[in-house]
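Me: I have a structure to go through and would like to discuss its side chains. Could we begin with the terms for burial?

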Amino acid sequence: MDLSIYKMELLASEHINEVTSLWRESMTQALGIQPVHPFESQAYFLEHILPSRYQVLVILHIDSFHPVAFMACSETEISQLYVSPKFQGKGIGSYLLSQAKAQSSGSLTLRTFEVNEKAQRFYRAHGFVVLPGNRDNEEGLPDLECRWEG
């Protein structure tokens with residue numbers, strides 16, 4: 001990732017609407033279904049719930065200061081990692097994943113949807129082992145557990 005084009009920041013209130021929009025757009029494209037929650041509910045979750053358990057990082061394009069990606073992670077888990085469809089394939093997701101690995105306790109877990117084959121390839125390429133999951137998610141879709149050991 002060319003860091004001269006992008007800037008990483010902690011999530012701030014001024015990012016909420018744009019990050020929620022990119023999250024919804026990216027998820028819709030990856031899953032082929034509309035979000036199960038209304039915009040306002042997802043924005044509330046992003047602003048108030050995720051930061052209570054995870055560090056939430058946002059990647060901004062320095063020319064526009066618009067968010068192009070975000071990740072919510074802890075020392076052991078990546079809860080969310082989404083890149084705007086317009087900015088996928090530019091190394092941004094790889095950069096965020098490297099940040100999570102560097103800040104981890106030596107291992108990470110995450111979940112991705114079975115239908116999201118692009119994400120499965122991405123995580124495998126970054127050293128994650130993809131294991132069977134379940135349907136215990138709000139979308140009711142089969143998911144997979146991904147594990148990385150440093």
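Reply: A residue counts as buried under 20% relative accessible area, as exposed over 50%, and as partly exposed in between. Please keep in mind that this is a predicted model.

Me: Is Asp-143 buried or exposed, then?

Reply: Asp-143 counts as buried, because its relative accessibility is 5%.

Me: Which side chain does Asp-143 meet in a salt bridge?

Reply: The partner is Arg-111, and the N to O distance is 2.9 Å. This pair links distant parts of the chain, with Arg-111 in strand 5 and Asp-143 in strand 7 (residues 143-149), 32 residues apart. Arg-111 itself is partly exposed, at a relative accessible area of 40%.

Me: How many salt bridges does a search of the whole structure find?

Reply: The search finds four. One of them joins the side chains of Glu-9 and Lys-7, at 3.0 Å from N to O. Glu-9 has a relative accessible area of 22% and is therefore partly exposed. Lys-7 is also partly exposed, with a value of 36%.

Me: Back to strand 5. What does Thr-112 touch, leaving out residues up to four places away in sequence?

Reply: Thr-112, which lies in strand 5, touches Ala-119, Gln-120, Tyr-123, Asp-143, Leu-144 and Cys-146. Its relative accessible area is 7%, so Thr-112 is buried.

Me: Cys-146 is on that list. How many disulfides are there?

Reply: The count comes to zero. In general, a disulfide is a covalent bond between the sulfur atoms of two cysteines. The rule applied here requires a pair of cysteine sulfur atoms within 2.5 Å.

Me: Changing topic to helix 3: how far apart are its end C-alpha atoms?

Reply: The end C-alpha atoms of helix 3 (residues 92-103) are 17 Å apart. That agrees with expectation, because twelve residues at 1.5 Å a residue should span 16 Å.

Me: Which residues of helix 3 are buried, and what do they pack against?

Reply: The buried residues are Ile-92, Gly-93, Tyr-95, Leu-96, Leu-97, Gln-99 and Ala-100. The strands that the buried residues of helix 3 pack against are strand 1 (6-10), strand 2 (55-61), strand 3 (67-73), strand 4 (78-83) and strand 5 (107-113). They also pack against helix 4 (117-125).

Me: One last topic, the surface. Which residues make a nonpolar patch?

Reply: Tyr-44, Phe-45 and Ile-49 make a nonpolar surface patch of about 280 Å². Of these residues, Tyr-44 is found in helix 2 (residues 39-53).

Note on methods:
Residues numbered from 1 in each chain as written. Predicted model: local features only at pLDDT ≥ 70, side-chain atom pairs only at ≥ 80, totals over all residues. Heavy atoms only, no water. Helix = DSSP H or I, 4+ residues; strand = E, 2+ residues; numbered from the N terminus. Expected span 1.5 Å × (residues − 1). Buried < 20%, exposed > 50% of the residue type's maximum accessible area, 1.4 Å probe, protein only. Contact = heavy atoms within 4.5 Å. Patch = residues over 30% accessible without salt bridge, like charges linked within 9 Å, V, L, I, M, F, W, Y side chains within 5 Å. Areas by Shrake-Rupley, 256 points an atom, 1.4 Å probe, with all protein chains shown as cover.
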